[in-house]
Amino acid sequence: QVQLVESGGGLVQAGGSLRLSCAASGSIFSISNMGWYRQAPGKQRELVAAITSGGSTNYADSVKGRFTISRDNAKNMVSLQMNSLKPEDTAVYYCNAAHYLGAWYDYWGQGTQVTVSS
């Protein structure tokens, strides 16, 4: 079982920066693929950035060059550094953990609101 708690959301002006953090409980963090997703009002949840247990990353085209995902296995944390924020980045951001132990197991945090004003 993995529990995820996000922090770091808030209100920022366009062009500003925010750093989201996700603290994970459980001993299997190091084998979990971690991701940040977001959901804007009236839209589907979408992948923003992901990092595998081995450290490989991938990003949505809309955030490439502006967002950076990282993980600290010693602290059981994953972070999302968001720079050059745009109003279209406004959404609830969710932390996700997924790992395979005979089957895929998938966990979600409660979400944190990011609002970018123009």
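Student: In which sense do E7 and E8 pair, and over how many bridges?

Tutor: Two strands pair if DSSP finds at least two bridges between them. Strands (E, at least two residues) are DSSP runs, numbered from the N terminus. Here E7 and E8 pair in the antiparallel sense over 6 bridges. Arg-71 stands opposite Val-78 in E8. The two strands form a hairpin with 4 residues between them, and Asn-76 in the turn has a positive phi of about 55°. This is a predicted model: local features need pLDDT of at least 70, side-chain atom pairs count only at pLDDT 80 or more, and totals for chains, interfaces and linings use all residues. Residues are numbered from 1 along each chain as its sequence is written, and side-chain values use heavy atoms, with hydrogens and water left out.

Student: Which strands pair with E11 in the parallel and antiparallel senses?

Tutor: Strand E2 (residues 10-13) pairs with E11 in the parallel sense over 4 bridges, with Val-12 opposite Val-116. E9 and E11 pair in the antiparallel sense over 3 bridges, and Val-92 has Gln-113 as its bridge partner.

Student: Is His-99 buried or exposed?

Tutor: His-99, in strand E9 (residues 91-100), is buried, with a relative accessible area of 2%. Contact means heavy atoms within 4.5 Å. Leaving aside neighbours within four places in sequence, the contacts of His-99 include Val-2, Ile-28, Trp-104 and Tyr-107.

Student: Which residues have the most contacts inside the largest nonpolar core?

Tutor: A nonpolar core is a set of buried Ala, Val, Leu, Ile, Met, Phe, Trp, Tyr and Cys residues joined through side-chain atoms within 4.5 Å. The largest one has 30 residues, and Leu-4, Trp-36, Leu-80, Met-82 and Tyr-93 have the most contacts inside it. Among the elements giving two or more residues to this core are strand E3 (18-24), strand E8 (77-82) and E9. Not counting residues up to four places away in sequence, Leu-80 touches residues including Leu-20, Trp-36, Phe-67, Ile-69 and Tyr-93.

Methods
Buried means under 20% relative accessible area, exposed over 50%, partly exposed in between (1.4 Å probe, protein chains only).
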